[in-house]
Amino acid sequence: MKELYTPEIPNRSMTYSNILQIDDDSDDCELFMEALESVSAATYTAIYDPVEALRKLMQKEISPDVIFLDLNMPLMSGLEFLTEIKKEEGLKEIPIIIFSTSQLDDIIREAIAHGADDFISKPNNFNDLKKILSQYIFSA
């Protein structure tokens, strides 16, 4: 029998004030930002290109408390980004939460094995996204 991956429940007392989202879909980023603004006063940055995001992180142009990372992107996949960032002292400690449409157990396990701290499947509607963000790690 195939065992399903069940993510650990995050530490609900943890809050982040500086969020980076890396996702090539600008519509997804816009929706994320709107949902975040409705439940939190956190600072939000979206970068659509993971190669650019990695460069900015390595050059300390940005210093997020947490990264929400899509998996399916051109140029560099989310898994490739994870592999690279986990090699970097000073960056490998940044919590990375996969935020992807993928729900396949093998993909989730692979992301966790590459160093992701957790995995959230992108919800289908705005209210579900707000609920995830408010219950997951953010406080209003």
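Reply: Start with a pair: lysine 122 forms a salt bridge with aspartate 28, the closest N and O atoms being 2.6 Å apart. The model is predicted, so local features need pLDDT of at least 70, side-chain atom pairs count only at pLDDT 80 or more, and totals for chains, interfaces and linings use all residues. Residues are numbered from 1 along each chain as its sequence is written, and side-chain values use heavy atoms, with hydrogens and water left out.

Me: Why is the pair of lysine 122 and aspartate 28 called a salt bridge?

Reply: The term requires a side-chain nitrogen of Lys or Arg within 4 Å of a carboxyl oxygen of Asp or Glu. Here the closest N and O atoms are 2.6 Å apart, so the pair meets the definition.

Me: What does the pair tie together?

Reply: Lysine 122 sits in the loop between S5 and H5, aspartate 28 in helix H1, so parts 94 residues apart in sequence are tied together. Helices (H or I, at least four residues) and strands (E, at least two) are DSSP runs, numbered from the N terminus.

Me: Why does lysine 122 count as buried?

Reply: Buried means under 20% relative accessible area, exposed over 50%, partly exposed in between (1.4 Å probe, protein chains only). Lysine 122 has 12% relative accessibility, so it counts as buried.

Me: And how is aspartate 28 classed?

Reply: Its relative accessibility is 23%, so aspartate 28 counts as partly exposed.

Me: What makes lysine 87 exposed?

Reply: Its 54% relative accessibility does. Its salt-bridge partner is glutamate 84, with the closest N and O atoms 3.2 Å apart. Glutamate 84, at 29%, counts as partly exposed.
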